[in-house]
Amino acid sequence: MHVDLNITQAVKMVWLAAALTLLVLVVGTRLIARSVVTTGRFAILVETMVDFVRTNIVEEFLGEHAKPWLGFFASIFFFILFANLLGKLPIPTFESPTSNINVTGAMAIMVFIVAQAVGLVKLGPLAYFKKKFLLPGAPWWIQPLAIIIMPLVLLAEPFSLAVRLFANILASHMVLVTFATAQVVGGIWLLHHPNIFARAASTLPFALSVVLLMFFIFMALIQAFIFALLSALYLSESLEEHH
Amino acid sequence: MDPKALAWLGGGLAIGIAALGGAIGIGNIFGRAIESAARQPEALPLVQRLMFIGFALVEAQVLYALLVAFLLVFR
């Protein structure tokens, strides 16, 4: 089998997003640790965002197991956030690595393997099998059917994680490019119109473009949040012994 | 009819109908979330979290249709 290991643009963007994550978090935590009360815009921003991940994602879903997992989910959140935002920069060679199915697929598989491994270790093989492949509380004749269906349900989790992020970012970029092109063309056409009101209206397409970009930056945040949140949800199913 | 035209038509219909369903679902979710938050403001964090999970699940279905539309159009 031939494996292509060329350094593509997506790989460079992944490295850039990872470097940004490392830089922002390391510098941010150094600044936060410097004094008891956090001061400075950058340090407060980093602290607020990490605290957001802690309260809304990790502590909500993992409860008493939250502490060791904060680093994992905060890295996922920040990496996806920077990866999404890289494609929004107006630099022609930049693209979002998350608009590549291989990147999101790799991340989803990583989360899946972590969740299943933790389930196997924490619950023990028997309880793990019972929890993931059988339907507790259902009548006995349902169980053979459950053994067939439940693995599919389990595999649907990483698939939906990967496809959701990839399709969202890809679609947002395509919509942005299409609209921006149409708006520039329409705006220039309006700018050369003999009517003065039409010339004044040529600013509207550009304003719409800005509004769209703001919406997609919001979507980049929401998608990073949802990826981390659903990962925590899948992991929490492997950590709790009762259900 | 030209198969290419049929594929384009199918792609457009796929994402159009899926967007209709997704819009109904997402509208329902956010409307109900706002309703329950107005009725019980102290439940807002819980409502918000559940709202985003529901939003993600509904949206995923539309995105699957979007993938199918891409496959049809850029075949």
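Let me begin with one residue: leaving aside residues up to four places away in sequence, Ser172(A) touches Phe216(A) and Met219(A). Please keep in mind throughout that what you see above is a predicted model. To give a sense of distance within the chain, Pro125(A) is 47 residues away from Ser172(A) in sequence, and in space the two are 42 Å apart, taken from C-alpha to C-alpha.

Let me now step back to chain A as a whole. The C-alpha trace spans about 80 × 50 × 40 Å along its principal axes, and the radius of gyration of chain A is 23 Å, whereas a compact globule of 243 residues would have one near 18 Å. Of the 243 residues in chain A, 26% are buried. If we take the contacts in chain A between residues at least 6 apart in sequence, 65% of them join residues that are at least 24 apart.

Next comes the core. The largest nonpolar core has 54 residues, and those with the most contacts inside it include Phe73(A), Phe77(A) and Phe227(A). Among the elements that give two or more residues to this core are helix 6 (143-191) and helix 8 (203-239) of chain A, together with helix 1 (3-39) and helix 2 (44-73) of chain B. Which helix gives the largest share of this core? That is helix 3 of chain A, with 12 residues. Looking at Phe77(A) in particular, and again not counting residues up to four places away in sequence, we find that it touches Val53(A), Ala224(A), Phe225(A) and Ala228(A).

Finally, let me turn to where the two chains meet. Here 10 residues of chain B are in contact with 12 residues of chain A, and on the side of chain B that touches chain A there are eight nonpolar residues, two charged ones and no polar ones. As for confidence, chain B averages a pLDDT of 89, with 100% of its residues scoring at least 70, while the model scores ipTM 0.74 and pTM 0.85.

Note on methods
Residues are numbered from 1 along each chain as its sequence is written. Chains are lettered from A and ligands numbered from 1 in the order in which they are written. This is a predicted model: local features need pLDDT of at least 70, side-chain atom pairs count only at pLDDT 80 or more; totals for chains, interfaces and linings use all residues. The radius of gyration is taken over C-alpha atoms; the globule rule is 2.2 Å times the number of residues to the power 0.38. A residue is buried if 20 or more other C-beta atoms lie within 10 Å of its own, exposed if 12 or fewer, and partly exposed in between; C-beta atoms are placed from the backbone. Two residues are in contact if their C-beta atoms, placed from the backbone, lie within 7 Å. pLDDT is the predictor's confidence in each residue, from 0 to 100. Ala, Val, Leu, Ile, Met, Phe, Trp, Tyr, Cys and Pro count as nonpolar, Asp, Glu, Lys and Arg as charged, and the others, Gly among them, as polar. A nonpolar core is a set of buried Ala, Val, Leu, Ile, Met, Phe, Trp, Tyr and Cys residues joined through C-beta atoms within 7 Å. Helices (H or I, at least four residues) and strands (E, at least two) are DSSP runs, numbered from the N terminus.
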